[in-house]
Every structure is written in C-alpha cells, then in structure tokens.
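Here are my notes on the model, as numbered points. Please read them beside the structure.

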Amino acid sequence: MSWRYVRLWAELLGVSWRLYPGQTAAALAVKAASATVVTVTALALRAAVDGVIQGDPEAAVAGAAAAALAFAVGIYLGGIDAVLHMLLVERVGLLHLHRQIHADIAGLEGLDHLERTDFLDRVTVVRGAAWNLMFGMWTAVDAVFNAVKLALLLTLLGMVSPWLLVLLVFAAAPIWFDQRGQRLVTNAETDTAEAMRLQRHLFNLATEAAGGKEIRVSGSGEELARRQADAWNEVTRGWFRARVGAAAWKLAGWSLFTTGFAAGLWLVVYRAANGTGTVGDIVLAVTVAVSLRDSIQDTVFGANEAMRGARVIEPYLWLRDYVAAHRDRPAGARPCPDTLREGVTFERVTFGYPGTERRALDEVSCHLPAGSVIAVVGEYGSGKSTLVKLLCKFYQPDSGAILVDGTRLSELDTEGWRARSSAAFQDFGRFKIRFAETVGVGDLPHLGHSGRVLAAVRAADAEPLVERLPDGLDTQLGRVFEGVELSEGQWQKTALARASMRTEPLLFVLDEPTASLDAHSEHAIFERYMARARELAARTGAITVIVSHRFSTVTDADLILVLDKGRLVESGSHAELMARGGRYAELYGIQATAYSPTGA
Ligand SMILES: Nc1ncnc2c1ncn2[C@@H]1O[C@H](COP(=O)(O)OP(=O)(O)OP(=O)(O)O)[C@@H](O)[C@H]1O
C-alpha cells in the first residue's frame with residue numbers, strides 16, 4: 001500500500017462527503033461507536049465477575065447490565081453500518097465515479113490510445129470498477145476503525161500486564177503477511193489482463209450473431225473454442241500460482257499470531273494462580289483475546305479488500321495520470337476559423353499506426369482547395385481511411401504537417417475543429433436508441449430538433465426507411481432493446497444521416513459511404529451528397545472528402561487523389577487523370593470492364 005492509495009481514499013471519502021454529507025457523517029459515527037463496544041463489554045464483564053467474587057451484588061448486577069446493553073448496541077450498530085456502507089458505495093460509486101471514469105476514457109482526443117495495449121489493459125480492469133473503488137475506500141475506513149478497536153483491546157490487555165502488549169507485534173504479523181500474499185494476486189491479475197481480454201474477445205466472437213454466421217460457414221467454431229480455452233488456461237494458471245503463494249503467506253502470519261496468543265493466555269492464568277491478578281482479569285483477557293482474534297481477522301479482511309481494491313486502484317491511478325497528461329490542450333491552441341478561405345494542405349505527411357513498422361501514409365503532399373469535393377481512391381489498404389482519420393485529428397502525423405488555412409491542424413483547438421467536422425465512417429456506429437436520436441446525436445445541441453433530423457434523413461436518402469418503421473422517427477432500434485433491427489445498409493443510412501446533422505461543417509467526410517448499399521441507393525446518395533457538398537462549400541468553404549473503392553462514383557469530384565501503398569501516386573480531375581493514362585486510368589478501366597453488363 002502506498003501513500004497514493006491513501007490519498008485516493010481520502011479523495012473518494014471527500015467526494016462521498018460532498019455528495020451525501022449526512023449519510024457519510026452517520027456512517028463514520030456508527031463505525032467509530034462500533035469500535036468501542038467490545039472494550040465496554042469486556043470492562044463491564046470484569047466488573048460483574050469481580051463484583052461476584054468480592055461479594056458486591058450491586059456492582060455485579062450493574063456490570064452484567066452494562067455488558068448486556070453494550071452487546072445489544074453492538075448488534076444494532078452493526079446493522080445500521082451495513083446499510084449505510086452499501087448505500088454510499090452504490091450511490092457514489094455508480095452514480096458519480098462510474099460516469100467520471102467513462103467520461104475520462106471517452107474524453108481522450110485521439111484514437112491512438114485505443115490501440116495501445118498498456119492503455120487497453122488498464123481499461124479492461126477499470127471499466128465498471130467504480131463500485132470496487134468505493135467499496136475499497138470504505139473497507140480502508142473500516143480497517144482504520146478496526147485498528148482503533150484493536151488498539152483499545154490491546155490497551156485493556158496492557159492494563160492486565162504490560163507484557164501482553166507484545167501481542168501487538170504478533171497481531172500485526174497476519175496483516176503484514178497477508179498483504180504480501182495479496183500483492184502476488186494483484187500482480188497476477190494485471191499480468192494476465194491481455195490473455196483475459198483475448199479470451200473474452202474470442203468468447204464474444206463465438207457467441208455473438210455478427211461473427212456467428214461466418215464461424216458456422218467456415219467451421220472455425222472449434223478452433224476458436226480451443227484458442228479461447230488456451231487463453232483462459234493461461235489466465236487461471238497465473239491466478240492459481242499467485243493464490244497458492246498468497247495462502248502460504250497467510251498461513252505463516254496466523255502461525256505467528258497463534259504462538260504469541262497462547263503465550264499471552266498462559267501469562268494471565270499464571271498471574272491469577274499466583275495472586276497477582278484477579279479472576280476478572282482472566283475473564284477480561286479471554287473476552288479481549290476472543291475479540292482480538294475477530295478484530296484481527298476483520299482488520300486482515302479489510303486490509304485484503306483494500307488491497308484487492310489495488311487491483312483496480314493501480315490501473316485507475318495509471319489511467320487518471322494518463323488522461324491528465326493526454327488531455328492537456330497545447331498552450332495557446334488556436335481557435336477554429338469560421339469559414340475556410342484557402343483550404344487544407346498536406347505537407348510531406350508521413351504516418352504509421354502505433355506499434356507498427358509500416359507507413360500507412362508516406363510523404364503525402366497535396367492541397368485540398370476550400371469549397372472543393374475531393375475523392376480519395378486506391379486499392380485496399382492503400383491509406384485512404386488513414387488520410388481522413390488524420391484530417392479528423394484522430395492521430396498526429398509522425399512527420400510533415402497538415403495546414404488549415406495556413407495554421408497547423410495540430411495547433412487548432414481539437415474540440416473546435418471536431419465541432420466543425422462531420423463524418424460518416426466505414427466502420428460506422430450502430431446506436432441502438434430511438435431513430436430520431438440515432439440521427440440527432442450527430443449534432444448534440446440539435447438532438448431534439450425534428451426539423452433538423454428530418455433534413456438529415458432526407459440528405460441520406462433515408463425517408464423510405466423511416467416510412468417503413470412502425471413508429472417513424474420514434475422507433476426504438478435494436479432487437480436487444482425490443483426494438484427494430486436494421487439491415488447493414490439501413491444502419492449505414494443512419495450513419496450518413498447522423499453525419500448530415502451539422503449544417504455548417506468546414507470538413508465533411510464520407511468514408512465509403514455506400515459500401516453496404518445497393519447500386520440504386522448508391523447513385524441517389526452520391527447525387528445528393530454532391531449537391532450538399534456544393535451547398536456547404538458556398539456557405540462555409542467546406543471541403544467534402546469522399547473515400548471510395550468504386551471509381552465511377554467519384555468522377556464528378558474536383559480533385560481525385562490516388563493512393564497506392566500509402567503514397568500519393570497521382571492527383572487531378574477525372575478528365576486529367578484519364579488523359580494521363582496512368583494508375584487511375586488503368587484501375588478505372590479495370591473496374592469499368594468488371595462492372596459492365598457484358599463484362600467486356
Ligand atoms: N488501427 C490500425 N492499426 C494498425 N494498422 C492499421 C490500422 N488501421 C489501418 N492500418 C493499416 O494501415 C494501412 C492503411 O489502412 P487504411 O485503412 O487507411 O487503408 P484503406 O485504403 O482505407 O483500406 P480499405 O479500402 O480497405 O478501407 C493498412 O496497411 C492497414 O493494415
């Protein structure tokens with residue numbers, strides 16, 4: 001355990017106090033009172049026994065009554081404590097911290113984080129861990145009160161004989177040993193996080209409908225199950241080793257305590273037998289000793305739970321530091337322009353995805369004039385999507401620069417630039433909410449504006465789809481939510497409509513906008529989006545970037561960029577590129593032949 005944990009627990013307690021001051025104060029008061037109950041019970045019992053032996057019935061009855069009362073209060077406080085404890089864990093953990101963690105992760109600017117295994121390992125552990133963090137904090141608070149209780153009990157023993165205070169050392173042994181063991185378990189869980197993620201991924205792949213079809217056709221189910229079992233085996237082997245180690249530490253700690261405890265009891269009995277102690281002392285010592293064992297067990301349990309919290313605390317603190325370091329906006333970020341005047345320029349832009357050697361874009365230089373429609377074409381994996389991802393500022397170029405009206409994109413305020421960008425991506429999202437919302441989230445300030453939503457639906461040629469939905473725009477989507485399931489092409493139309501919500505973007509990206517659509521819809525969509533591109537260009541100087549495999553769909557673009565293995569090999573209008581007779585003309589010719597009715 002480190003001071004960072006203590007600081008985090010103090011911070012979480014502060015959050016609890018700020019959000020629910022009354023309940024937090026009550027929980028602390030109840031825990032404090034519970035810590036003293038055993039001490040009162042033990043003292044009262046000694047008074048009762050000594051009263052009987054000294055022939056003082058009044059003292060004996062008062063002692064017995066006080067012991068009974070303290071016992072009853074202890075039970076009552078225990079009940080209240082359990083209720084308050086869980087109430088606060090759930091309220092603060094799930095309502096506040098959970099949201100905070102997800103907002104932190106989603107708030108990171110780029111996409112590169114989501115491709116870093118160290119980041120993903122932590123996200124795997126922390127996702128949904130708010131409850132555990134709050135539970136860990138309250139368990140740490142319990143451990144403090146248990147320590148107070150332990151100190152009180154030891155003080156009582158010290159009153160019988162100062163020698164009994166040596167028990168403190170023996171009492172600490174199980175706690176310290178147990179923590180060593182728990183550290184093994186925590187490390188094993190972090191070390192196996194990647195294998196855990198893999199087995200979960202394989203399990204989901206094999207059990208979800210999306211992959212299910214391909215798996216059945218290809219007959220790869222058994223192979224997937226074997227790999228999932230291998231990954232799971234790796235996880236459990238690591239956990240098993242760590243747990244055996246933890247059990248050995250635990251056993252060593254309790255053996256030490258038992259030895260000290262036996263010696264202590266022998267001492268008390270010996271003193272009473274020699275007349276240097278009373279029978280009440282023995283009763284007190286036995287009562288305390290029994291509670292001492294429970295109390296140590298509680299402290300060990302609390303310390304364990306708090307350490308188990310470390311399983312989530314370590315990754316949580318790592319993620320917090322990471323988010324803080326990556327969310328800092330560069331000092332003096334420039335505001336996004338209102339309109340584009342010159343356009344966007346790529347200056348020898350080179351980029352490779354994190355963790356890969358290959359260049360996805362290699363020294364790309366070009367100018368995208370304001371108000372133009374740009375088509376990006378090329379074969380699979382040639383870097384088309386990468387180029388638009390860099391334009392959306394999901395990644396930073398490794399070298400070279402992207403300039404927006406002369407200002408480096410990296411220096412522009414990211415939020416401002418994103419607020420003025422619209423995009424439909426190849427791997428579009430399927431937002432299983434109401435249809436109007438699935439479109440409206442494309443422009444949050446206008447989420448509930450049905451006029452805007454309808455205009456976006458029209459832009460995406462999706463009116464016939466809405467007409468067929470049982471509740472029109474109000475239709476719930478997604479069968480898992482008892483809504484309507486859409487086809488791949490229909491989901492793509494929702495993504496296109498979402499991208500059409502913003503009416504004044506500076507950048508409008510359509511990455512393979514018709515990949516899931518039939519030829520008729522494709523034609524209609526391209527016509528509509530060409531018209532829309534001209535409208536946006538007139539309004540804001542917007543640049544529309546269309547990525548497409550199918551060359552025939554983009555012949556009307558002002559500028560066509562032809563990518564090949566990350567390099568820009570040609571650029572110009574359709575007529576210019578055809579006249580040149582280079583790569584574009586060659587690929588266009590191949591596609592024209594392939595798509596012609598005769599195939600010739
Ligand atoms: N997230 C990623 N991590 C690592 N490599 C990636 C990632 N995304 C793409 N790549 C690689 O970068 C290269 C360019 O990919 P990109 O998606 O830009 O190509 P594309 O031309 O859009 O392909 P497609 O037509 O198939 O969509 C490819 O070699 C691809 O394997």
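1. The ligand is surrounded by 15 residues, the closest being Tyr353, Ala360, Lys384, Ser385 and Thr386. A residue counts here if its C-beta atom, placed from the backbone, lies within 6 Å of the molecule. The model is predicted: local features need pLDDT of at least 70 and side-chain atom pairs pLDDT 80 or more, while totals for chains, interfaces and linings use all residues. Numbering starts from 1 along each chain as its sequence is written.

2. By class, the shell around the ligand holds three nonpolar, nine polar and three charged residues. Ala, Val, Leu, Ile, Met, Phe, Trp, Tyr, Cys and Pro count as nonpolar, Asp, Glu, Lys and Arg as charged, and the others, Gly among them, as polar. Helix α11 (residues 384–391) gives the most to this shell, with three residues. Helices (H or I, at least four residues) and strands (E, at least two) are DSSP runs, numbered from the N terminus.

3. α11 also lies across β1, β2 and β4, at about 120° to β1. Contact means C-beta atoms, placed from the backbone, within 7 Å; angles run from 0 to 180 degrees between N-to-C directions of axes, which are lines fitted to C-alpha atoms, for helices over the stretch in contact.

4. An open, antiparallel sheet of four strands has the order β2-β1-β4-β5. Its edge strands, β2 (361–369) and β5 (407–408), each pair on one side only. Pairing requires at least two DSSP bridges between two strands. β1 (residues 343–351) and β4 (residues 399–404) share five bridges, and Thr350 stands opposite Ser399 in β4.

How values were computed: Contact = placed C-beta atoms within 7 Å.
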